[in-house]
Each structure stands twice: as structure tokens, then as C-alpha cells.
Amino acid sequence: MEKDLIQEAQKRDKKSLERLYRHFYGYAMSIALRYSGNREEACEIVNDSYMKAFDKLDQFCLDNSFKAWFRRIIINTSVDYYRKNLKHQVLMDIDKAHAETYDPDIIDELSKDDILKCLEELPDILRVIFNMYEIEGFKHAEISEKLGIPSSTCRTYLARAKEKLREKIIALNQIKNEGAVR
């Protein structure tokens, strides 16, 4: 069924394009939300991704996974969005990350929404690098090439992202525990 929908959409059938948009909207939004600072940015990334996908739809080979192909478009659009808006942001100083002790079971007590909220609160550069490396599986060299930063800076930002996430998760867990005690 999905293959038929894509074939019809490749013919530029408006109803099929709309159905394809609706079918993958949640999937696209879930990826874009991880990369963006808020829902508004995520919507912009999703819409830009669909524009790119629809523009290149005739190049998509039906033997391949549409989801994987579209995922790559969303990730690249997210990175492009970040780079485009970089000039409006102040880059953070690169600090050496330091190891803190924490309870590894904390993560078990958090919901998916709690974790996504912590990710959303990271500065853009940290969120983008964390997503690309830890979730999407890009190598540091690939990330540094896409973002136009040195590989060493990429590694430092990843360490900083992990440190910030750890701090946010610990703080969120403390808030939850205080609420449970009351």
C-alpha cells in the first residue's frame, strides 16, 4: 500500500502527495523535534523536508526504504536549518567536560517526554551534535564536515551535551522525588 501511495505521488497526484504527507508527518515531526529548539522550528524543518522530498520524489527508487530516504532528508534539513540560523546565535565557550557521579537508575524513572524535554533544553549546537552522533550514528568527521567545525570541537561539544543532559536529568529526577515525598 505504501509503495502504491509513493508511486502515485511520484506522478504528482495532489491527493497522493497529501496522503503521503499525512502518513509520514508524525515520523517526520518526531525527528525534527529532536533537532529543533521548539515545535515552531520543528514544523518549519518538517515542511522544508517535505518540499525537498517532493521535489526529488521522482528520483526515489521504489526498491529502497522510503522511511530511510526521508529520514536522511529530515536530518540534512535540520542541520541546514541549524547552520542557516547559526549567525543569529551566540556560540558557547568550549569547556572541558568533567565527570560527575550519578545514579544510572535515574533514567529508568523518567518518561520519554521527560528525556525529550531535557534534549530540547540543550543549546542548539549541543542538541544537533548529540542527535547526529548518539541517535543517528554519524561519525565525528561526518558531523564536523556537515557543520563546518573541527572534529575536536565536535567531540568537545558532544561531551558537553552529555554533561548538560546528565545535569538536567539529575535535576529533573530530584524534582520528581521531591514531588513524591510531599
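## Helix 4 against helix 6

Arg71, Val79 and Tyr82 of helix 4 touch Asp124, Ile125, Val128, Met132 and Ile135 of helix 6, where contact means heavy atoms within 4.5 Å and helices are DSSP runs (H or I, at least four residues; strands are E, at least two) numbered from the N terminus. Sorted by class, this contact has 6 nonpolar, no polar and 2 charged residues (Ala, Val, Leu, Ile, Met, Phe, Trp, Tyr, Cys and Pro are nonpolar, Asp, Glu, Lys and Arg charged, the others, Gly among them, polar).

As for geometry, helix 4 (residues 66-85) and helix 6 (residues 124-135) pack at about 155°, axes 11 Å apart. That makes the pair roughly antiparallel (angles over 145 degrees, from 0 to 180 between N-to-C directions, with axes fitted to C-alpha atoms over the stretch in contact).

## About the model

This is a predicted model: local features need pLDDT of at least 70, side-chain atom pairs 80 or more, while totals for chains, interfaces and linings use all residues. Residues are numbered from 1 along each chain as its sequence is written, and side-chain values use heavy atoms, leaving out hydrogens and water.

## Serine 36

Now for a loop residue: serine 36 sits between helix 2 (14-35) and helix 3 (39-56). Serine 36 is buried, at 1% relative accessible area (buried is under 20%, with a 1.4 Å probe and protein chains only). Beyond neighbours within four places in sequence, serine 36 contacts Glu41, Ala42, Ile45, Glu120 and Arg127.

## The whole chain

Overall, the protein has 8 helices and 0 strands, and 38% of its 182 residues count as buried.

Conventions
Buried < 20%, exposed > 50% of the residue type's maximum accessible area, 1.4 Å probe, protein only. Parallel < 35°, antiparallel > 145°, perpendicular 65-115°, else oblique.
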